[in-house]
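Subject: Structure handover and notes

Hello,

Here is the structure I said I would pass on. My notes come after it.

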Amino acid sequence: MVLGQPSMVFSGVMALFPEIGMKNNNNKSNYVRKASCPECGSKDNMAIYDDGHGFCFGCSYTYQPPREKPRKSFIKTVKKPLLKFVMPKALPKRGITQETCELFNYGITEHNNVPVQVATYEDSLGRPAAQHIRYQNKRFIWLGDVSNLQLWGQRLWRQHNTGNMFVTITEGEIDCMSVSQAQGNKFPVVSLPSGSQSANKYIAANLKWLSQFVRIVLCFDSDEPGMVAAEKAIKILPAGKAAICRLPRKDANEMLLAGEGEELRDLLFRATPVRPDGILNASNLWKELTKKGTNSICPFPFPQLDNFTRGFHKQQMVCIAAGSGTGKSTICRELAHHFIKNDLTVGYIALEESVQRTMQGILGVEVNKPLHLEDDIEHDSLKQSFDKLFGTGKLFLYDHFGSIDPDRLVEQIQYLATAEGVDVVILDHLTIVVSGISDLDERRALDVVCTKLRQVVESTGIGLIIVSHLRRPEGKGHEEGNKVSLNHLRSSHSIAQLSDLVVACERNQQGDVAERAELQLRVLKNRHTGMTGEIDKLLYDDKTGRLVLPLSNYFGD
């Protein structure tokens with residue numbers, strides 16, 4: 001492309017508003033050349049700047065170059081108002097009838113004076129939130145807010161109508177309507193918002209709705225990406241309910257166009273649920289034996305704990321056990337900070353403190369200050385530390401306080417593992433989860449919750465750290481430094497039985513100043529190496545709000 005001055009529209013807008021498109025990351029950027037706009041199709045209304053970003057003065061489309069470590073993104077979004085006057089109309093070239101298009105409200109209109117097909121998506125509350133726009137050249141864009149979408153078509157199938165039905169999930173809207181039409185538009189069919197690459201994200205986000213069905217059939221494209229995505233997605237669906245429909249043609253619409261609607265319907269009904277259990281011949285399991293994930297993914301920040309455990313492993317459930325006020329949450333924040341600094345992605349579910357307090361605690365580890373006690377904070381310096389630690393997108397927080405339904409908790413953890421790709425989830429604390437369950441006593445409720453948590457660890461492969469309170473022992477209490485044993489854990493031994501590693505925290509809160517500052521760690525159970533006993537002794541530094549290792553840990557007594 002020949003370098004030159006911007007067009008008249010381009011230069012006119014720049015003359016009136018020179019700041020538009022000129023700043024990126026608080027640094028001024030300079031105009032380099034004009035280019036065509038991928039959004040509106042204009043040949044020269046797109047300005048390209050020397051920092052790589054672009055701005056279209058015709059339709060306001062903005063392009064930003066990818067960061068060094070781009071976050072996962074499945075959808076290209078243009079945040080503009082939704083299109084109105086979308087008219088459902090039959091799609092003869094696709095074999096889709098007027099009746100089917102009206103059912104799904106799939107219609108045609110114009111966008112930037114170009115005919116387009118439009119699929120409108122709802123958010124979790126059922127409100128129109130985004131539109132998937134399809135151009136004649138099979139180019140797609142999004143309008144609206146795509147941050148919290150239902151599966152397309154989900155609004156059509158209400159819960160009271162789904163008791164004995166099965167639901168089909170397709171890759172796109174055309175296939176969704178094809179499957180529905182082949183079934184006489186009588187059985188629930190939904191589509192992923194952005195193809196097979198978005199399967200885990202949106203299935204996890206809408207897992208509660210999907211789980212009510214007796215059968216869940218994945219009808220993805222029969223090419224390799226579609227089948228790989230289906231095999232990954234089926235692992236997060238309820239065991240025994242999910243099935244993969246393998247098509248003889250590329251997709252459902254090709255079968256509909258070929259007059260094979262009845263065969264398509266039969267394939268959907270005959271799809272056999274995949275079950276995770278089964279009898280396996282060991283001679284075929286060499287890959288299973290040597291697959292990645294059996295080794296440590298990160299050392300623990302405390303040297304003796306790391307030596308006893310050989311590091312932190314995924315697909316393990318770790319229990320931090322201690323009495324009230326001992327320092328369990330402080331340990332959790334230290335671990336979260338350590339994992340983030342070691343490039344792990346962390347999900348943090350703190351049910352007894354606000355999101356602000358959690359962030360203050362974790363960021364306080366970074367800056368060596370008890371931020372929740374600081375009255376005079378230097379914001380510029382703190383913002384730099386904030387960007388350095390949290391700007392990588394390695395921390396996800398759950399905005400919730402108090403007891404939570406166990407099934408809802410499992411859904412959130414499963415979503416973090418499958419949609420956000422977290423390596424470890426920290427749950428602080430377990431006891432409050434069951435405090436709102438009125439139909440079970442605490443011991444039984446803890447057993448149920450622990451079993452569900454263990455299942456999600458096995459199904460997703462994440463590492464899970466849970467905090468557990470203790471029941472009061474006879475005689476001296478834990479707040480007076482009493483040693484912790486496995487039988488002090490609450491529940492009927494389910495926490496001890498289902499956890500791979502149990503680490504106790506012991507502190508005499510009633511002793512002298514020196515004793516109150518000492519936190520003794522003790523390994524009560526260690527399934528990986530079998531090593532148990534007293535390990536690191538940590539000191540609480542009230543000036544920094546941190547638990548630190550005394551010099552004796554490094555140089556001996």
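The notes below start with the whole chain and then go through particular places in it.

This is a predicted model, and the values given here are computed from it.

Overall

The chain has 557 residues, and 50% of them are buried. Its secondary structure consists of 19 helices and 25 strands. Of the contacts in the chain with a separation of 6 or more, 62% are between residues 24 or more positions apart.

The buried residues include the charged pair Glu-173 and Asp-175, along with Ser-178, Ser-180 and Gln-181. Ile-174, Cys-176, Met-177, Val-179 and Ala-182 are on the buried list as well.

The loop between α3 and β14 (189–191) holds Asn-185, and Gln-183 lies in that loop too. Gln-183 has a relative accessibility of 4% and therefore counts as buried. Apart from neighbours within four places in sequence, Gln-183 is in contact with Phe-166, Val-189, Arg-265, Leu-268 and Phe-269. Gly-184, which follows α3, has a positive phi near 70 degrees. Asn-185 is not a glycine, yet its phi is also positive, at about 55 degrees. With 15% relative accessibility, Asn-185 falls under the 20% limit and so counts as buried.

Helices α11 and α12

Helix α11 takes in residues 328–341 and helix α12 residues 355–367; their axes come within 9 Å and cross at roughly 65 degrees. The crossing is right-handed. On the α11 side the contact involves Arg-333, Glu-334, Ala-336, His-337, Ile-340 and Lys-341. These meet Arg-357, Gly-361, Ile-362, Val-365 and Glu-366 in α12. By type, the residues of this contact are five charged, four nonpolar and two polar.

The loop between α12 and α13 (379–390) contains Asn-368. Asn-368 has a positive phi of about 60 degrees, although it is not a glycine. Its relative accessibility is 36%, so Asn-368 counts as partly exposed.

Cavities

There are three cavities of 30 Å³ or more in the structure. The volume of the largest cavity is about 50 Å³. What lines it? One part of the lining consists of Phe-300, Thr-309, Gly-311, Phe-312, His-313 and Gln-316. Asp-500, Leu-501, Asn-526, Arg-527 and His-528 also line the largest cavity. Six of the lining residues are polar, three are nonpolar and two are charged.

Gln-64

Gln-64 sits in the loop between β6 (62–63) and β7 (77–78). At 40% relative accessibility, Gln-64 lies between the 20% and 50% limits and so counts as partly exposed. Gln-64 and Gly-54 are ten residues apart along the chain, and their C-alpha atoms are separated by 6.7 Å.

Regards

Methods: Residues are numbered from 1 along each chain as its sequence is written. This is a predicted model: local features need pLDDT of at least 70, side-chain atom pairs count only at pLDDT 80 or more; totals for chains, interfaces and linings use all residues. Side-chain values use heavy atoms; hydrogens and water are left out. Axes are lines fitted to C-alpha atoms, for helices over the stretch in contact, and angles run from 0 to 180 degrees between N-to-C directions. Helices (H or I, at least four residues) and strands (E, at least two) are DSSP runs, numbered from the N terminus. A crossing is left-handed if the near helix is turned anticlockwise from the far one by less than a right angle, and right-handed if clockwise. Contact means heavy atoms within 4.5 Å. Buried means under 20% relative accessible area, exposed over 50%, partly exposed in between (1.4 Å probe, protein chains only). On a 1 Å grid over the protein atoms alone, a cavity is a set of points where a 1.4 Å probe fits but cannot get out, and a pocket is an open set with protein on both sides within 12 Å along at least five of seven lines; lining residues have an atom within 4 Å of a point. Grid points are joined across faces, edges and corners, and a volume is the space filled by probe spheres set on the points.
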